[in-house]
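Here are my notes on this one, as numbered points. Have the viewer open while you go through them.

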Amino acid sequence: MDFALTSEHELIREMAYKFGQAEVVPGLAERDREAKSDRLMLDKMAEAGVLGLGIPAKYGGSGTDYISLGIACEELERADTSARVVMSVHSGLHSLTLLQWGTEEQKQRWLPKLASGERIGAFGLTEPNAGSDAISLRTTARKDGGSYILNGEKTWISLADYADQFLIITKLADSADKPVFCAFIVDRNLPGFTSKPLKGKLGVRAGNTGQIFFDDLRVPADCLVGSEGDGFKVAMSALDHGRYTVASGAVGIITACLDACTTYARDRKVQGEEIGRKQLVQQMIANMVAGRDIGRLLYYQVGWMKNVGLRHTREVSMAKWQNCANAFKSANDAVEIHGAYGYCDEFPVERYFRNSRGAMIYEGTHEIHTLVQAEYELGYRKDKPLTHMLPAWEPGL
Ligand code: CAA
């Protein structure tokens, strides 16, 4: 394994950092306070080319490797979690899953428009009664001639009001005894589709989250992703990609905490001495540095495994679990270092604290990943070979 980043990786880091600081940060405190998401941000991200990262050039993507996608997520979340969430749902959960499971015809049909940002993709697994217990979802698909009729609802859907199409996980109707899961690409313009924003979130308030509903919604059979019965595997594969973007983004929160805390600790003086000279403050800074550096190694490893076409469910769970926990701890310490100033929105650290809390819940709670890691180690969980693997990265393709 080669840990050296290429000049292309460095360029992507710089581009994503500059984009975040120039396009995401201005006006962010106000958007966050007023819980206003900005649809224009998606167009700006499309224009910057970030929405095609990880997608091969032959499908209209950037042709860059999967580590580049992680680096972009890290730098975007350094600006704000809402920008990284766009990458998680559009690039990770939706586009990479299509790249893994779609037929050649489906990839040709959808990936170029997703990569350019002409269409925005999102993901729907969670339901009001099925979060961690995803297998208990109730949305049904009933086969009817050359199409399927969907009924049900999904909640906590990022970009619910903005996405043009959704990767939706359902159960085949009348398969309750032995559920047959199916995954579909659902166009939001189909009759029977509605969405509603969710209000009152603790964090990621500058991002759009909502509920989506299917009322006798007819989806053409050629929108089925994988075969009937593959739906849960499609969902879990999607989470392998989504968790990668969350894990890499979490490192960006730690970096943002370090940006804020190193500046504040050098500026703020107690009895004539910078608080950065205090050992307890140094301990918190040192823990953040460790979280950042270990976090990078964890997600670079997963990016490398994606690049060479290896299954990485265990490793990405580890990266998501640890990096999100370290991001939350860093944000908590960042508030502590700022004292009372950390408790108000004059400084960004209170936003990092609220945003980092969410990532310990979505895409597998802290507890689910704890159990998953223990189960692998005890031999209770073993990965089986998959019929569809994410294609390894091929330079120039
Ligand atoms: N890729 C492909 N297939 C996989 C897989 C993967 N990564 N992981 C598991 N599978 C397959 C298994 O091989 C198994 O196949 P068989 O039926 O052929 O044996 C099948 O999927 C079921 O897998 P498990 O036995 O591992 O299932 P489980 O019931 O033990 O899983 C769980 C339990 C790990 C808790 C899982 O349900 C889970 O991860 N829950 C959390 C769900 C989650 O993260 N939700 C957040 C969604 S984010 C969202 O919706 C909002 C948004 O917009 C961001």
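This is a predicted model: local features need pLDDT of at least 70, side-chain atom pairs count only at pLDDT 80 or more; totals for chains, interfaces and linings use all residues.

1. Burial terms first: buried means under 20% relative accessible area, exposed means over 50%, and partly exposed is in between (1.4 Å probe, protein chains only). By that scale Arg381 counts as partly exposed, at 35% relative accessibility.

2. Residues are numbered from 1 along each chain as its sequence is written, and side-chain values use heavy atoms, with hydrogens and water left out.

3. Now the salt bridges (a side-chain nitrogen of Lys or Arg within 4 Å of a carboxyl oxygen of Asp or Glu). How many salt bridges does the structure hold? There are 25 salt bridges. One of them joins Arg381 to Glu375, with the closest N and O atoms 2.9 Å apart; Glu375 is partly exposed too, with a relative accessible area of 25%.

4. The pair I'd look at is Arg33 with Asp345, whose side chains meet in a salt bridge at 2.8 Å, N to O. Arg33 sits in helix H2 and Asp345 in the loop between helix H9 (313-338) and helix H10 (349-358), so the bridge ties together parts that are 312 residues apart in sequence. Helices here are DSSP runs (H or I, at least four residues), strands likewise (E, at least two), numbered from the N terminus. Arg33 is partly exposed at 48% relative accessibility, and Asp345 is partly exposed at 37%.

5. Sequence neighbours pair up as well: the side chains of Asp293 and Arg292 form a salt bridge (2.8 Å, N to O). Asp293 is partly exposed with a relative accessible area of 34%, and Arg292 is partly exposed at 22%. Elsewhere, salt bridges link Arg13, Glu74, Glu75, Arg78, Asp259 and Arg296 in a network.

6. On to the inside. A nonpolar core is a set of buried Ala, Val, Leu, Ile, Met, Phe, Trp, Tyr and Cys residues joined through side-chain atoms within 4.5 Å. The largest core has 81 residues, and Met45, Met87, Phe123, Leu150, Phe184 and Val186 have the most contacts inside it. Helix H5 (residues 81-101) gives the most to this core, with 9 residues. A second, separate core of 27 residues includes Val246, Ile275, Val349 and Tyr352.

7. What does Val186 touch, leaving out residues up to four places away in sequence? With contact meaning heavy atoms within 4.5 Å, its partners include Leu150, Phe166, Ile168, Phe193 and Phe214, along with Asp164 and Gln165.

8. Gln106 deserves a look: this residue of helix H6 (residues 104-116) is buried, with a relative accessible area of 3%. Not counting residues up to four places away in sequence, Gln106 touches Leu111, Asp222, Cys223, Leu224 and Val225.

9. Pro26, in the loop between H1 and helix H2 (28-33), is partly exposed, with a relative accessible area of 46%. Beyond four places in sequence, Pro26 touches Gln21 and Arg31.
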